[in-house]
Amino acid sequence: MSASPRARRRSALALTAALALTFAVVPAGAASAAVSTSCTGTSQSAAQSRILADVNAARKAKGKKALTLSSAMSKAAVAWSGKQAAANRMSHNPRYASQIPSGWTRAGENVAFGYTPKKVTPAWMASTGHRANILGSYNRIGIGVACSSKGLPFYTQVFGNYPG
């Protein structure tokens, strides 16, 4: 025996309300956590670790102190990489300085696309401006990668110098 039209409407409304509530309580940071890194063949944390190791090796070779990976800064970098990937277009984030934790005395950003995690830092190091950021007077870094629908990885590094 099938339900009455009125009962079906109530069930549909209840389901719609439940779905709306489910989506309304998803934390704001969940969107960046869902960014795909599948085109890199690795996870977000593995890509971050690789890039951090390469950046710190380049800094060490020039007598610079290692950078510390900041989870808050990486959140901003991952979010921007996701926006670039969604647009399938590389661009700088005009608001990165306001999206990283406050208190910095100096901030910078690098972006890139199309490289593997192993090759992106050497590409940045081959560019004067990007190399200046990698070797700059910073002590913290945020790193993000996201894949576009066309399978291209988009990378973001944000740099900050924080007292203490």
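A word on terms before the first click: contact here means heavy atoms within 4.5 Å. Axes are lines fitted to C-alpha atoms, for helices over the stretch in contact, and angles run from 0 to 180 degrees between N-to-C directions. Helices (H or I, at least four residues) and strands (E, at least two) are DSSP runs, numbered from the N terminus. Keep in mind that this is a predicted model, where local features need pLDDT of at least 70, side-chain atom pairs count only at pLDDT 80 or more, and totals for chains, interfaces and linings use all residues. Residues are numbered from 1 along each chain as its sequence is written, and side-chain values use heavy atoms, with hydrogens and water left out.

**Stop 1: the whole chain**

Start in cartoon view. The protein chain has seven helices and four strands, and along the sequence they follow the pattern α-α-α-β-α-α-β-α-α-β-β. Of the contacts with a separation of 6 or more, 70% join residues 24 or more positions apart. Of the 164 residues, 38% are buried (under 20% relative accessible area; exposed is over 50%, partly exposed in between, with a 1.4 Å probe and protein chains only).

**Stop 2: the sheet**

Now colour the strands. The four of them make an open, mixed sheet in the order β1-β3-β4-β2, and two strands count as paired if DSSP finds at least two bridges between them. At the edges sit β1 (68-69) and β2 (106-113), each pairing on one side only.

Go across it from the β1 side. β1 and β3 are parallel, with two bridges; select Thr68 and you'll find its bridge partner Arg140 in β3. Next, β3 and β4 run antiparallel over eight bridges, and here Ile143 has Gln157 in β4 as its bridge partner. Finish with β2 and β4 (residues 153-161), antiparallel over eight bridges, where Val111 stands opposite Thr156.

Two details are worth a click. In the hairpin of β3 and β4, with five residues between the strands, Gly151 has a positive phi near 80°. And seven of the eight residues of β3 are buried, so this strand is largely enclosed by the rest of the structure.

**Stop 3: helices on the sheet**

Select residues 71-87 next. This is helix α4, which lies across β1, β2, β3 and β4 and runs at about 30° to β3. Then take α3 (residues 44-61): it packs on the sheet, touching β1, β3 (140-147) and β4, with its direction at about 135° to that of β3.

The structure holds one salt bridge. Its two partners are four residues apart in α3, about one turn of the helix. Which of them is buried, and which partly exposed? Arg50 counts as partly exposed at 34% relative accessibility, while Asp54 counts as buried at 19%.

**Stop 4: Trp124 and Tyr155**

Zoom in on the rings. The whole structure has three aromatic pairs (rings of Phe, Tyr and Trp, its six-membered ring, with centres within 6.5 Å; planes under 30 degrees apart are stacked, over 60 edge-to-face, the rest tilted). One of them is Trp124 with Tyr155: their centres are 6.4 Å apart and their planes at 80°, so the pair is edge-to-face. Trp124 belongs to helix α6 (residues 117-125) and Tyr155 to strand β4, so the pair ties together parts 31 residues apart in sequence.

Tyr155 counts as buried, at 0% relative accessibility.

**Stop 5: the cores**

Last, show the nonpolar cores: sets of buried Ala, Val, Leu, Ile, Met, Phe, Trp, Tyr and Cys residues joined through side-chain atoms within 4.5 Å. The largest has 18 residues, and Ile51, Trp124, Ile134, Ile141 and Tyr155 have the most contacts inside it. Two or more residues come from each of α3, α6, β3 and β4, with α3 giving the largest share, five. Apart from this core lies another, of eight residues, including Met73, Ala77, Ile100 and Ala107.

Methods:
A salt bridge is a side-chain nitrogen of Lys or Arg within 4 Å of a carboxyl oxygen of Asp or Glu.
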